[in-house]
Amino acid sequence: ARCERLIRRTGAAAWNFATVTVSPTQAAPTVPVCTPNAAGAVSYSYVITSVAAGGREESLASAAVTNALCQDLSVGGSFNTVTWTNAAGAIRYNVHKKSNGLYGYIGQSSDGTVGFKDNNITADVSQTPPESDDPLSTANNYPGAVGYHQGRRWFAGSLNKPTNLWATRSGTEANMTYSIPTRDSDAITARLRALQSSTIRHLVPLGDLLALTSGAEWLVNSGGTAGPITPGNIDYRPQGYSGA
């Protein structure tokens, strides 16, 4: 039987054995509060995400706050003040406003008690909060191979998807979140497509990533594109058919 566990050696005689949690380690802030400067009948909705120290990891979005008693922000001098309770470990917060069904970025604040003032800032829907995904933590989806390559942890070879590859968000250990639209730093999912379905048994990080299956050897890279592997340029090609 397979299970998703991580074993680490942290000293000469010190070992740690733990369950892997496939999610951001940075907690989201509490449900925000939206306070308009003038009453009205227009609805605005906001979510907040926390940014961890170092800026490498962003939390999932908080629950949304919707205030349907706001003055129209296009009216001169009107604004909404959004506040929230700070999250442990966060150094700043991204504020997102709903526009055309998506929450788009409108700015940052370093303190939720001070909050953020929205005076009709246009939501940038090319920068949305991370979306949650966990393809690994249920029975028959536990990975059979793991490795590190280009600042990501890579997983492969589950019972349900024996030819699949998954990689964490860039610079993280177990964060499988993605964005709408896709960003280069998002988690990666790919499937080795071949005439014969062979389970990926080993991942070997060299100049490129080698995926060794029961029937073939595959080279995984950015397909000749300069720079690291991203969700949009991942390429894989068989190199032989000896099998591992």
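Trainee: Which residues does glycine 215 touch, not counting residues up to four places away in sequence?

Mentor: Contact means heavy atoms within 4.5 Å. With residues up to four places away in sequence set aside, glycine 215 touches Ser198, Tyr241, Ser242 and Gly243. Please note that this is a predicted model, in which local features need pLDDT of at least 70 and side-chain atom pairs count only at pLDDT 80 or more, whereas totals for chains, interfaces and linings use all residues. Residues are numbered from 1 along each chain as its sequence is written, and side-chain values use heavy atoms, with hydrogens and water left out.

Trainee: Where is the place of glycine 215, and is glycine 215 buried or exposed?

Mentor: Helices (H or I, at least four residues) and strands (E, at least two) are DSSP runs, numbered from the N terminus. Glycine 215 has its place in the loop between E15 and E16. Buried means under 20% relative accessible area, exposed over 50%, and partly exposed in between, for a 1.4 Å probe and protein chains only. Glycine 215 is buried because its relative accessible area is 12%. Its C-alpha atom is separated by 9.0 Å from that of isoleucine 200, 15 residues away along the chain.

Trainee: How many helices and strands does the secondary structure of the chain come to?

Mentor: The chain has 0 helices and 17 strands. Its C-alpha atoms fill a box of roughly 70 × 45 × 30 Å along the principal axes. Of the 244 residues in the chain, 41% are buried. Among contacts between residues at least 6 apart in sequence, 57% join residues at least 24 apart.

Trainee: Which residues touch the most other members of the largest nonpolar core?

Mentor: A nonpolar core is a set of buried Ala, Val, Leu, Ile, Met, Phe, Trp, Tyr and Cys residues joined through side-chain atoms within 4.5 Å. The largest one here has 17 residues, of which Trp154, Leu165, Ile200, Leu203, Ala211, Val220 and Ile234 touch the most other members. Two or more residues of this core come from each of strands E11 (152–156), E12 (164–167), E13 (188–191), E14 (200–205), E15 (209–213) and E16 (217–221). Another core lies apart from it, with 15 residues, among them Tyr46, Ala87, Tyr93 and Ile106. As for alanine 211, with neighbours within four places in sequence left aside, its contacts are Leu192, Ile200, His202, Leu203, Ala216, Glu217, Trp218 and Val220.

Trainee: How many aromatic pairs does a search of the whole structure find?

Mentor: Rings of Phe, Tyr and Trp (its six-membered ring) pair if their centres lie within 6.5 Å; planes under 30 degrees apart count as stacked, over 60 as edge-to-face and the rest as tilted. The search of the whole structure gives 2 aromatic pairs. In the pair of tryptophan 84 and tyrosine 93, the ring centres are 5.6 Å apart and the planes stand at 65 degrees, so this pair is edge-to-face. Both tryptophan 84 and tyrosine 93 are buried.

Trainee: Which residue lies over the face of phenylalanine 79?

Mentor: A charge sits over a ring if NZ of Lys or CZ of Arg is within 6 Å of the ring centre and within 35 degrees of the ring normal. Lysine 117 lies over the face of phenylalanine 79, at 4.7 Å from the ring centre.

Trainee: Where is threonine 168 found, and is threonine 168 buried or exposed?

Mentor: Threonine 168 is in the loop between E12 and E13. Threonine 168 counts as buried because its relative accessible area is 0%. Leaving aside neighbours within four places in sequence, threonine 168 has contacts that include Arg152, Phe155, Asn175 and Asp186. The place of proline 181 is also in the loop between E12 and E13. A cis peptide bond joins isoleucine 180 to proline 181, with omega about -5 degrees.

Trainee: What is the phi of asparagine 100?

Mentor: Asparagine 100 has phi near 55 degrees, a positive value in a residue other than glycine. Asparagine 100 lies in the loop between E7 and strand E8 (102–109), and it is exposed because its relative accessible area is 82%. Glutamine 150 has phi near 55 degrees as well, again positive in a residue other than glycine. Its place is in the loop between strand E10 (145–149) and E11, and at 37% relative accessibility glutamine 150 counts as partly exposed.
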